[in-house]
Amino acid sequence: MSTEPTPGSPEFEALRQKSIAEAEAAIREASSRPDLHLVQAIQALDDTDKYLNVTATRASEWYGLHFPELIQMVQDNIALCKMISEIGAREGFSKEALAGRGFTDKKVDAVLEARDRSKGGTISDGDVGRVKALAALAVQLSNLRGGLDDYVGSQMKKVAPNVAEVAGATIGARLMAKAGGLDRLAVLPASTIQILGAEKALFRSLRTGARPPKHGILFQHQAVHTAPKWQRGKIARTLANKIAIAARVDYYRGAEDASIKAALDKRLESIREKYKEPPRRKPDPSGRPRKEGRPQRREKFRRR
Amino acid sequence: MTRLLREERNGRSALLTMNLAPGKRAYNEDLVLRGGVEFRTWDPFRSKLAAAILKGLPDDIVREGSRVLYLGASTGTTPSHVSDLVGPGGVVIGVEFSPRVAREFVERVARERRNVIPFVADARDPSRYAVSKVDVVYCDIAQPDQTEIAIANCRALLAGSGTLLLVVKARSIDVLKEPERVYVDETAKLEGAGFRVRSLTELSPFEKDHALVYAVQPG
């Protein structure tokens with residue numbers, strides 16, 4: 001600070017240019033971080049899921065006007081969209097057209113019979129063209145989704161192998177996206193990781209004293225959502241603890257450590273064992289029947 | 001000639017600042033000619049300083065020739081108007097922590113405006129951008145300890161009897177406390193640190209749960 005350059009002087013301009021160059025270098029460095037690309041990839045994946053759903057639903061609704069029986073018979077939306085885009089109008093359905101789609105002979109016969117007795121209306125060439133295009137887009141989106149999914153999986157193995165191992169690649173990537181990068185996830189307390197994605201419930205709990213959320217994004221983890229209800233909070237907490245450790249190891253040490261997953265599995269096993277039975281309701285000392293609705297927070301924690 | 005204009009627009013008062021980089025926009029503001037000179041419209045819904053001025057904050061705090069330390073430059077909307085106000089003889093030291101928004105700030109504001117010096121840095125470390133003492137510290141950062149950070153920056157870089165403009169972001173300090181309560185508490189912190197608080201301007205309807213505190217550091 002000994003030199004305080006006068007605005008507009010050559011010294012000032014030199015200082016300004018140096019500062020701009022440094023700022024740009026910092027920005028460039030930040031934008032090349034692989035974890036930030038991973039965050040974009042997982043968000044692209046989740047976006048694609050949404051588009052895929054609406055597109056496939058619209059295509060099947062539209063096509064259903066013409067051949068409702070097919071929609072009933074083919075549950076898999078993507079397989080259905082593939083057929084719509086490749087075969088088109090009902091009349092095109094034949095043994096040959098249905099070959100190689102993984103249908104049993106019985107199913108093929110059923111489709112052909114439905115074709116002949118269809119309650120669907122006629123469809124113009126113009127309509128067929130649009131529905132086919134829409135269905136083709138759904139198929140493309142499905143391929144895009146598959147590619148993104150593979151990419152997230154392989155990148156997570158490189159960027160955050162321990163988080164990928166403990167949380168699973170997609171859930172780990174979603175946590176990273178919520179936190180704002182691996183560096184941020186690595187400094188979050190486990191209690192925050194546990195409820196990332198449940199902000200609405202958390203703030204409602206803080207404001208009204210309603211019970212706090214047990215899990216946010218972590219609910220998607222199969223160890224949580226397949227567990228009986230009374231175990232989920234404990235499992236989510238344990239999982240969050242191990243993810244916090246995994247993120248720190250990934251960010252600061254950058255080496256795989258199989259002991260984290262092993263410790264998690266051991267702990268999950270003991271939770272499942274110890275809390276096999278649902279907790280018994282404690283009898284209310286006042287003898288009154290339990291109140292309906294959300295339990296109120298105890299007086300001393302309630303906001304004034 | 002003043003670098004800030006007030007005029008009536010659709011029955012509302014509006015602010016304009018004299019464009020330091022004629023022909024260039026910093027975002028998608030309107031460029032208009034007044035007396036043959038180009039001005040930029042200053043939207044109070046996008047800029048909390050404009051909101052505060054419309055709600056009665058004196059408009060001569062940031063003036064021609066001022067040296068301003070701007071913490072929380074973001075994409076540079078408000079810094080660009082501060083740059084207009086201080087003019088070629090003034091300085092705006094713009095500090096932004098997030099590289100993502102700093103990209104726009106550097107690209108659209110710092111590069112185009114010869115009185116702006118950008119830093120991608122943490123406002124908790126004033127030594128990173130200690131290039132000059134300043135007359136005004138403007139602080140708009142979403143941190144629970146934003147007031148302490150602002151005070152530390154004033155201690156490090158604010159010239160004697162300089163001014164602090166602190167945007168109190170009630171929801172960033174405590175989501176549960178009543179905003180009015182937060183304003184009182186943060187103002188008390190400033191007074192405890194020796195500042196004289198001249199005014200507190202609540203920014204509704206332009207900005208929810210925000211207030212701008214105008215305080216002076218004793219000389």
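Glu24(A) sits in helix 1 of chain A. Helices here are DSSP runs of H or I with at least four residues, numbered from the N terminus. The model is predicted: local features need pLDDT of at least 70, side-chain atom pairs count only at pLDDT 80 or more, and totals for chains, interfaces and linings use all residues. Residues are numbered from 1 along each chain as its sequence is written, chains are lettered from A in the order in which they are written, and side-chain values use heavy atoms, without hydrogens and water.

Is Glu24(A) buried or exposed? Glu24(A) is buried, with a relative accessible area of 16%. Buried means under 20% relative accessible area, with a 1.4 Å probe and protein chains only. Leaving out residues up to four places away in sequence, Glu24(A) touches Val106(B), Glu107(B) and Arg111(B). Touching, or contact, means heavy atoms within 4.5 Å. With Arg111(B), Glu24(A) forms a salt bridge, and the closest N and O atoms are 2.8 Å apart. A salt bridge needs a side-chain nitrogen of Lys or Arg within 4 Å of a carboxyl oxygen of Asp or Glu.

## Where chain A meets chain B

The count between chain A and chain B is one salt bridge. Two helices of chain A, helix 1 (10–31) and helix 12 (199–208), each supply at least two residues of the side that touches chain B. Helix 1 gives the most, with 11 residues. That side of chain A divides into 12 nonpolar, two polar and seven charged residues.

The contact takes 21 residues from chain A and 31 residues from chain B. Together the two chains bury about 2,000 Å², 65% of it on carbon and sulfur atoms. Buried area is the accessible area (1.4 Å probe) that two parts lose on being put together, summed over both.

## Two domains in chain A

Chain A is assigned domain 1 (34–151) and domain 2 (161–274). These bounds come from an automatic or database domain assignment. The C-alpha centres of the two domains lie 36 Å apart. Each domain gives nine residues to the contact between them.

The area buried between domain 1 and domain 2 of chain A is about 640 Å², and carbon and sulfur atoms give 70% of it. Asp35(A), Val39(A) and Ile42(A) supply 58% of the area that domain 1 buries against domain 2, more than any other three residues. Between these domains the count is one salt bridge. In a salt bridge, Arg174(A) meets Asp46(A) at 2.8 Å, N to O. Helix 2 (residues 34–64) of chain A gives the largest share of the domain 1 side that touches domain 2, eight residues.

Notes:
Ala, Val, Leu, Ile, Met, Phe, Trp, Tyr, Cys and Pro count as nonpolar, Asp, Glu, Lys and Arg as charged, and the others, Gly among them, as polar. Buried means under 20% relative accessible area, exposed over 50%, partly exposed in between (1.4 Å probe, protein chains only).
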